[in-house]
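Here is a friendly note to read alongside the model. Please keep the 3D view open and turn to each place as it comes up.

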Amino acid sequence: MRSEAQINASRANGAKSHGPVTPEGKIASAANSAFSSGPRTPEGKTRSARNAIRHALLADTVVYTEENPAEFIALLESLKEEMQPATETEDILIEKMAAAEWKRKRAMCLEKGCVAYATVVQRQCGDEVAIAVNRQVPSVHTALAFREIADNGNLLELLRRYEVAFDMSYYRAHS
């Protein structure tokens, strides 16, 4: 890990930040961005124009049909804006981070959807004991749904493994 002195020296020399953003750094960044008007050379403009196509191709491979590709592209653009990749390798690592974060969030949504569906099924099954206990402990149907999912397969374990794997992928690309 870098010391505070190393981070400050890097900032003073104009290097990419590897630490927390200071108020002074934010002011300097805002001043620098006033001069940034995008690519100026024909080569730069051509490379920049390919970003949209490249992002769309990446979204096509990462985003499911039911999901919104624009949300994935916004995540990717946000990471690129924050991390300011300077090389093709850094750009690829940011794409890996975006894909890992997207898939991690998907795993969480799948878990939520499975438990929500199973909870509704539990409520509708008419279990008199669960209905009675649910008056005192409102989460009984959700607990029973969770138990049902856990007992009848390894779906929750699988989703958790995916989530951990995507976390690891994100942080490996980030370091």
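1. Before the helix packing, a word on angles: the axes are lines fitted to C-alpha atoms, for helices over the stretch in contact, and the angles run from 0 to 180 degrees between N-to-C directions. Please also keep in mind that this is a predicted model.

2. With that in hand, look at helix H6 (residues 128-136) and helix H7 (residues 140-151), whose axes are 8 Å apart and meet at an angle of about 130°. That angle makes H6 oblique to H7. On the H6 side, the contact is made by Ala130, Ile131, Val133 and Asn134, while H7 brings Val140, His141 and Leu144. Sorted by class, this contact of H6 with H7 has five nonpolar residues, two polar ones and no charged ones.

3. Now step back to the whole chain. How many helices and strands does the chain have? The secondary structure comes to eight helices and zero strands, so the pattern read along the sequence is α-α-α-α-α-α-α-α. Of the 175 residues in the chain, 25% are buried. Taking the contacts between residues at least 6 apart in sequence, 53% join residues at least 24 apart.

4. Next comes a pocket. Which residues line the second largest pocket? The lining is made of Glu67, Asn68, Glu71, Trp102, Lys105, Arg106, Cys109 and Leu110. Helix H5 (residues 88-124) gives the largest share of that lining, with five residues. By class, the lining divides into four charged residues, three nonpolar and one polar. The space in this second largest pocket is about 180 Å³. As background, rolling a probe the size of a water molecule over the atoms shows where empty space is left.

5. Is leucine 76 buried or exposed? Its relative accessible area is 0%, and because buried means under 20%, leucine 76 counts as buried. Follow the chain on to glutamate 95, which is 19 residues from leucine 76 in sequence; from C-alpha to C-alpha, the two are 6.7 Å apart in space.

6. Most residues other than glycine have a negative phi. Glutamine 84 is not a glycine, yet has a positive phi of about 50°. Its relative accessibility is 49%, so glutamine 84 counts as partly exposed.

7. Last, turn to arginine 160 in helix H8 (residues 155-174). With a relative accessible area of 38%, arginine 160 is partly exposed. Where does alanine 107 lie relative to arginine 160, in sequence and in space? The two are 53 residues apart in sequence, and their C-alpha atoms are 7.6 Å apart in space.

Notes. Residues are numbered from 1 along each chain as its sequence is written. This is a predicted model: local features need pLDDT of at least 70, side-chain atom pairs count only at pLDDT 80 or more; totals for chains, interfaces and linings use all residues. Side-chain values use heavy atoms; hydrogens and water are left out. Helices (H or I, at least four residues) and strands (E, at least two) are DSSP runs, numbered from the N terminus. Angles under 35 degrees count as roughly parallel, over 145 as roughly antiparallel, 65 to 115 as roughly perpendicular and the rest as oblique. Contact means heavy atoms within 4.5 Å. Ala, Val, Leu, Ile, Met, Phe, Trp, Tyr, Cys and Pro count as nonpolar, Asp, Glu, Lys and Arg as charged, and the others, Gly among them, as polar. On a 1 Å grid over the protein atoms alone, a cavity is a set of points where a 1.4 Å probe fits but cannot get out, and a pocket is an open set with protein on both sides within 12 Å along at least five of seven lines; lining residues have an atom within 4 Å of a point. Grid points are joined across faces, edges and corners, and a volume is the space filled by probe spheres set on the points. Buried means under 20% relative accessible area, exposed over 50%, partly exposed in between (1.4 Å probe, protein chains only).
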